[in-house]
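Please look at the sequence and the structure shown here, and then read the briefing that follows, which goes through the model topic by topic.

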Amino acid sequence: MTILQEIVFVVVNMDRDIAIKVVGLTKYYGKFLAVDHINLEIYDREIFGFLGPNGAGKSTTLLMLTTVLKPSEGTAYVYGYDIRKYPDKVRSLIGIAFQDPKLFWIHTPYEILIWHAKVCGYRGSKAREVVRDVLSMLNMWEARNKRAMELSGGMRKRVEIAKVFIQKPRVAIFDEPTAQIDVTGKHMIWDMIRGLRDEGSTIILATNELYEADILSDRIGIIYKGKIVAVGTPKELKDTIPGGDILEIQVEGGLSNGLLSRLEGYREVSKVELVDSTVKLYLNRVEELLPQILEDLIRNGVKVKSVNMREPTLDDVFMHYTGARLKEED
Ligand SMILES: Nc1ncnc2c1ncn2[C@@H]1O[C@H](COP(=O)(O)OP(=O)(O)OP(=O)(O)O)[C@@H](O)[C@H]1O
Ligand SMILES: [Mg+2]
C-alpha cells in the first residue's frame, strides 16, 4: 500500500468518534516494564482523565503518544495516524504541557510564549494578542517580564500550560497541570481546560488527584503498575463497585425481620445491617432507589427520623481494582 492508501485505510476503518486508539502500547526502560501492553480508546472532544499513583506509567504513555519516546512494542493512532509511521503529522495534531517544564533560564515568559505563538503560526500583532490573552487568563501578565530563573514553581507551570492554550491543538495533553498550583489557580485552569474541550480539542489529563479527575473528566482510565485496570465515566466506575453506595436510615424503634428481608430482596442491595435504630444498606444506584425504599418503609408504618447517603469515591474505585489506596486514610 502507498502511504496515502494506508492513511485512507486507517481513517475509513476507524470509528468517527475515536480520536486516539492505543494498541498494545508498551515501554521497557532496560528490563523494567513501565507501560505494559495498554489498549485504550479516547473519544473525540472528551476530557480523558488518566488517573494513577506516582510511577504508574502516565508520563511514559503520554511521551510515547507525543512521539518524544519510542514505544518498545505496540503503537497508537492519533486521528488515524500511526505514531510510529507519521510522527511529524502526529506532532502537528498534538500539544503537550509537560509535567516538568524545562524553560530556558534567561528568557522571560513573554519571550518564550511569543516565540511559541510564532511557531504555532501567529504573526506580528496576532502573536502579541494571543500571548497577552492567555497570560492574563493565567494571571501571569504581571510576571511576564521576569526571567525564568526568577519564577516560582507554580508560575513556571503556568507558562508551560500557556503554550497549549496558545496552540489550541486538536489533542491537548496536560501532564499533572495543577501540581504546584494554588487553589484559585486550579479552578481557573480547570475552567480553561473545559473551555478548550468545548472549542473542539480532545483533552488528555494525567493526574493523581482524585478530585481533579472526578470533576474534570468525561471518562477516566485508571492506570496502575503500567496496566490499565478500568475505564469509564466517573459514575460508571463508581457504579461498578458492588454495594458501593451506603444508605443509612435512622428509624424510630427498629425494624421487623420481615422488613429487613424485604430490603435485602431489592436487586441492587448487597447487604443490610441493623445497628440500634439505624439500618445500613450497601447498594448500587442509591439515588434511583432511595424514593422507593423510603416509600416502602413509610407504607409499612416505619417512622423515618433521618437519612444519610454516600456514593463511593474514586479512591474506593481505585481500591476495588487495585487493592491499594490513592489517598491516605483520614
Ligand atoms: N527515563 C527513565 N528511565 C528509567 N525508568 C524510568 C524513566 N522514566 C520513568 N521511569 C520509570 O517508569 C515508571 C513509570 O514512570 P512515569 O514517569 O511514567 O510514571 P507517572 O505515572 O507519570 O508517575 P508520576 O505521577 O510520579 O508522574 C516508574 O517506575 C519510573 O521510575
Ligand atoms: Mg508523571
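## Briefing

Helix 2 supplies three residues to the shell around ligand 1, the largest share; helices (H or I, at least four residues) and strands (E, at least two) are DSSP runs, numbered from the N terminus. This is a predicted model, in which local features need pLDDT of at least 70 and side-chain atom pairs count only at pLDDT 80 or more, while totals for chains, interfaces and linings use all residues. Residues are numbered from 1 along each chain as its sequence is written, and chains are lettered from A and ligands numbered from 1 in the order in which they are written.

**Around ligand 1**

- Among the 13 residues around ligand 1, those that come nearest are Tyr-29, Ala-34, Asn-54, Ser-59 and Thr-60; a residue is near a molecule if its C-beta atom, placed from the backbone, lies within 6 Å of it.
- Two or more residues of this shell are given by each of strand 2 (32–43) and helix 2 (58–65).

- An open sheet is formed by four strands in the order 12-13-11-14, with antiparallel pairing, where two strands pair if DSSP finds at least two bridges between them.
- Strand 12 (269–275) and strand 14 (304–310) are at the edges with a single partner strand each, so one side of each has no neighbour in the sheet.
- Strand 11 (residues 245–251) and strand 13 (residues 278–283) are joined in the antiparallel sense by six bridges, and Glu-248 has Lys-280 in strand 13 as its bridge partner.
- Helix 10 (residues 257–264) packs on the sheet, where it touches strand 12 and strand 13; two residues are in contact if their C-beta atoms, placed from the backbone, lie within 7 Å.

**Helix 6**

- Helix 6 (residues 153–167) has 15 residues and reaches 22 Å from its first C-alpha to its last, close to the 21 Å expected at 1.5 Å a residue, the expected span being 1.5 Å times one less than the number of residues.
- Because 12 of its 15 residues are buried, helix 6 is largely enclosed by the rest of the structure; a residue is buried if 20 or more other C-beta atoms lie within 10 Å of its own, exposed if 12 or fewer, and partly exposed in between, with C-beta atoms placed from the backbone.
- The buried residues of helix 6, including Met-155, Val-159 and Phe-165, pack against strand 6 (94–97), helix 4 (109–119), helix 5 (124–137), strand 7 (171–175) and helix 7 (183–198).
- Just after helix 6, Lys-168 has a positive phi of about 45°.

Notes: Axes are lines fitted to C-alpha atoms, for helices over the stretch in contact, and angles run from 0 to 180 degrees between N-to-C directions.
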